[in-house]
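Hi,

I am passing a structure on to you, along with some notes on what turned up in it. Have a look first, and then read on.

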Amino acid sequence: MISAAWAPRLLSLLRIVAGLLFLAHGTQKLLGFPASASGGGPEMLSLPWIAGVIELVAGALITLGLFTRPAAFLASGTMAFAYWLAHAPRDFFPVNNGGDAAILFCFVFLYLAAAGAGPWSLDANRRG
């Protein structure tokens, strides 16, 4: 068993890993890294482009633990919107519609919006 004393540190690790994964979606959409099979990025100001900007900026903020609560809340809402707009119409079951990552991101970020960044964060450092 992991000691309960580790819970705040594991919150920080969850935040860092989720933030990096989210950031990678943004860099792929907007910067072409890592390269995707579909090639070019979305048209500027399209919904996928706006999602990419949110993924890039919120992903970076969440990873650093800076303004974590508002960034995570925005990211959570973005993933809920993405799920219902892009995934749910394809199939009822998330495993079939490719939306399981969007659902996980949505609820992990909703948790971070409530719980905060944890001790290993710039937010915690700013509070002193």
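Where is the place of phenylalanine 67? In this predicted model, phenylalanine 67 sits in the loop between α2 and α3, the latter covering 68-87. Its phi is positive, at about 55 degrees, although the residue is not a glycine. Phenylalanine 67 is partly exposed, and its relative accessible area is 43%.

Is leucine 45 buried or exposed? With a relative accessible area of 62%, leucine 45 is exposed, because exposed means over 50%.

The other is proline 34, in the loop between α1 (7-31) and α2 (47-64). A cis peptide bond joins phenylalanine 33 to proline 34, with omega at about -10 degrees.

Finally, please look at histidine 87, which lies in helix α3. Histidine 87 counts as buried because its relative accessibility is 15%, and buried means under 20%. What is histidine 87 in contact with, neighbours within four places in sequence left aside? The contacts are Ala82, Asn97, Gly98, Gly99 and Ala102. For glycine 98, the backbone oxygen lies 3.4 Å from a polar atom of the histidine 87 side chain.

Definitions and conventions. Residues numbered from 1 in each chain as written. Predicted model: local features only at pLDDT ≥ 70, side-chain atom pairs only at ≥ 80, totals over all residues. Heavy atoms only, no water. Helix = DSSP H or I, 4+ residues; strand = E, 2+ residues; numbered from the N terminus. Buried < 20%, exposed > 50% of the residue type's maximum accessible area, 1.4 Å probe, protein only. Polar contact = N/O pair within 3.5 Å; in protein donor to acceptor, adjacent residues only side chain to side chain. Contact = heavy atoms within 4.5 Å.
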